[in-house]
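Hello,

Here is the structure I said I would pass on. Please open it first, then read my notes below.

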Amino acid sequence: MSLAPWLDGELGYRSFGTPGAPRAVFVLRTGDVSTTDPDASVTSGFDVRVVAVGLDAPELEDPPVFGGQTPAGLTVEALRELVAREAPGVTVGLVGERSAGAIAIYLAAALGEVVDRLAIVGVPSPNDPLSRDLRTPLLDDLAAEVLVVVGGDGPADVADANWYVERMRSAEAEVVPDAEITSVNNHVTLTTVWERVLSHVAPGSERR
């Protein structure tokens, strides 16, 4: 486990995959498995270095607003510095799962053309007018090609996916069939769709 500065604490992150690979992918998740490989058997089939960052509730509080100093806004700034340090001078892929999805969107917007591919998995659309008003301009300006994945009984459904796709320049939605979801609560997880997500955020990196 490596640590990056954040306020008076630190963000934990772990790297796996191929050290020194030309393609880097940053994965933002929460919970006990946040810094583990979603599926090592899939990752080994790609020439890619994955940096998995673990976030928790305090780091996700209050959506960042322009000029804001909310915990989430400061987390985005810490992540910008982490990307610059771990993948200097190159374009990267970015993934956000469930409650970390909003941070991934804000980070992609903050990094501009540095993030050329973004995937969000099981991420609900904003549920109040203020959050929608804050997020919509960011989505309009995203430079990245975006994959929006939903499915199962999770917090995000087809309507959520469509909300995002309709507001992005280049995005597609993918609904995972129930038969392919093996989680106990029937929620789509990053592990379920890791191969599809890696193919999107690290195009051309599949090993021959």
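Which backbone oxygen does the side chain of His 187 reach? Keep in mind that this is a predicted model. The answer is the backbone oxygen of Asp 153, at 3.2 Å.

Start with the setting of His 187. This residue is found in the loop between strand E8 (171-176) and helix H7 (190-201). Is His 187 buried or exposed? His 187 is buried, because its relative accessible area is 19% and the cut-off for buried is under 20%. Leaving aside neighbours within four places in sequence, His 187 is in contact with Arg 98, Asp 153, Gly 154, Pro 155 and Ile 181.

Next, look at Val 121. It sits in strand E6 (residues 115-121). Val 121 is buried, with a relative accessible area of 0%. Its contacts beyond four places in sequence include Gly 96, Arg 98, Val 149 and Val 188. Gly 96 is 25 residues away along the chain, yet the two C-alpha atoms are separated by 6.4 Å.

Last, helix H6 (residues 158-165). Its buried residues are Asp 160, Ala 161, Trp 163 and Tyr 164. Seen down the axis of H6, they fall within an arc of 155 degrees, so they line one face of the helix. An α-helix has 3.6 residues a turn, so residues three or four places apart point the same way. The cover over the buried residues of H6 includes helix H4 (101-111), E6, helix H5 (129-141), strand E7 (145-151) and E8. Asp 157 caps the N-terminal end of H6, with a side-chain oxygen 3.1 Å from the backbone nitrogen of Ala 159.

Best wishes

Terms used:
Residues are numbered from 1 along each chain as its sequence is written. This is a predicted model: local features need pLDDT of at least 70, side-chain atom pairs count only at pLDDT 80 or more; totals for chains, interfaces and linings use all residues. Side-chain values use heavy atoms; hydrogens and water are left out. Helices (H or I, at least four residues) and strands (E, at least two) are DSSP runs, numbered from the N terminus. Buried means under 20% relative accessible area, exposed over 50%, partly exposed in between (1.4 Å probe, protein chains only). A polar contact is a pair of N or O atoms within 3.5 Å; within protein, one must be able to donate a hydrogen and the other to accept it, and residues adjacent in sequence count only if both atoms are side-chain atoms. Contact means heavy atoms within 4.5 Å. The arc is that of the directions from the helix axis to the C-beta atoms.
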